[in-house]
Amino acid sequence: MVLIGLGVVYKTFNPEVAGIFPRCPFNKYTGLQCPGCGSQRAVHHLLNLDVASAFRMNALLVIFLPYILLGMAYDMLSKPGPRVLRWRNILFGQKAILIILVIITIYTIGRNIFPA
């Protein structure tokens, strides 16, 4: 229920203009963008089916959203079979985590060196 309520709030109110959403503390104190900066605005645009605007706000979130949803689906399985467990280990295991960490680091550096 909470997730649905948040969805309604984010669909209805644009975080860019509504003052009810928290500001990124990292950005507030450093002036730099963290990997999550723009995620609230991206979620708003995605819920309103504006993928291009969402991509401009936070490309990483838009690109990784299917991966995040897949991870959530894996977590909801009560008795995953061996094939599912194998794929979960490949996609969400230690090597995958390191690769994602590198991608997030490169994205964070890139978005601060080459701001849009």
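Guide: Let us begin with burial across the chain. This is a predicted model, and of the 116 residues of its protein chain, 26% count as buried. The accessible surface comes to about 8,500 Å², and carbon and sulfur atoms account for 71% of that surface.

Visitor: Which secondary structure elements does the protein chain have, and how do they run from the N terminus on?

Guide: The protein chain has seven helices and zero strands. Read from the N terminus on, the elements run α-α-α-α-α-α-α. The C-alpha atoms fill a box of roughly 45 × 35 × 25 Å along the principal axes.

Visitor: What share of the contacts join residues at least 24 apart in sequence?

Guide: The count takes contacts between residues at least 6 apart in sequence, and 45% of these join residues at least 24 apart. Asp75 and Arg88 are 13 residues apart in sequence, with their C-alpha atoms 9.5 Å apart. Gly93 and Ala42 are 51 residues apart in sequence, and 27 Å separates their C-alpha atoms.

Visitor: Where are Asp75 and Gly93 found, and is each buried or exposed?

Guide: Relative accessibility settles the second point: under 20% is buried and over 50% is exposed. Asp75 lies in helix α5, which covers residues 59-76, and Asp75 counts as exposed because its relative accessibility is 64%. Gly93 is found in the loop between α6 (82-92) and α7 (94-113). Gly93 counts as buried because its relative accessibility is 9%.

Visitor: Which residues are in contact with His45, its neighbours within four places in sequence left aside?

Guide: His45 also lies in helix α3. Its contacts, with those neighbours left aside, are Asp50, Ser53, Ala54 and Met57. His45 is buried, since its relative accessible area is 13%.

Visitor: What is the backbone angle phi of Leu49 near, and where is the residue placed?

Guide: Phi of Leu49 is near 60 degrees, a positive value in a residue other than glycine. Leu49 is placed in the loop between α3 and α4, the latter being residues 51-57. With a relative accessible area of 75%, Leu49 is therefore exposed.

Visitor: How many disulfides does a search of the whole structure find?

Guide: The search finds zero disulfides. Cys24 is in no disulfide, and the nearest cysteine sulfur, that of Cys37, is 3.5 Å away. Cys34 is likewise in no disulfide, with the sulfur of Cys37 again the nearest, at 3.7 Å. Cys34 counts as buried, since its relative accessibility is 17%.

Visitor: Which residues form a nonpolar patch on the surface, and what is their accessible area together?

Guide: Met1, Ile4 and Val8 form such a patch, with about 380 Å² of accessible area together. Met1 is placed in the segment before α1, the helix of residues 2-12. Met1 is exposed, because its relative accessible area is 84%.

Conventions. Residues are numbered from 1 along each chain as its sequence is written. This is a predicted model: local features need pLDDT of at least 70, side-chain atom pairs count only at pLDDT 80 or more; totals for chains, interfaces and linings use all residues. Side-chain values use heavy atoms; hydrogens and water are left out. A disulfide is a pair of cysteine sulfur atoms within 2.5 Å. Buried means under 20% relative accessible area, exposed over 50%, partly exposed in between (1.4 Å probe, protein chains only). Patches are made of residues with over 30% relative accessible area and no salt bridge: like charges are joined within 9 Å, nonpolar side chains (Val, Leu, Ile, Met, Phe, Trp, Tyr) within 5 Å. Accessible areas come from the Shrake-Rupley method with a 1.4 Å probe; for residues, only the protein chains shown count as cover. A salt bridge is a side-chain nitrogen of Lys or Arg within 4 Å of a carboxyl oxygen of Asp or Glu. Helices (H or I, at least four residues) and strands (E, at least two) are DSSP runs, numbered from the N terminus. Contact means heavy atoms within 4.5 Å.
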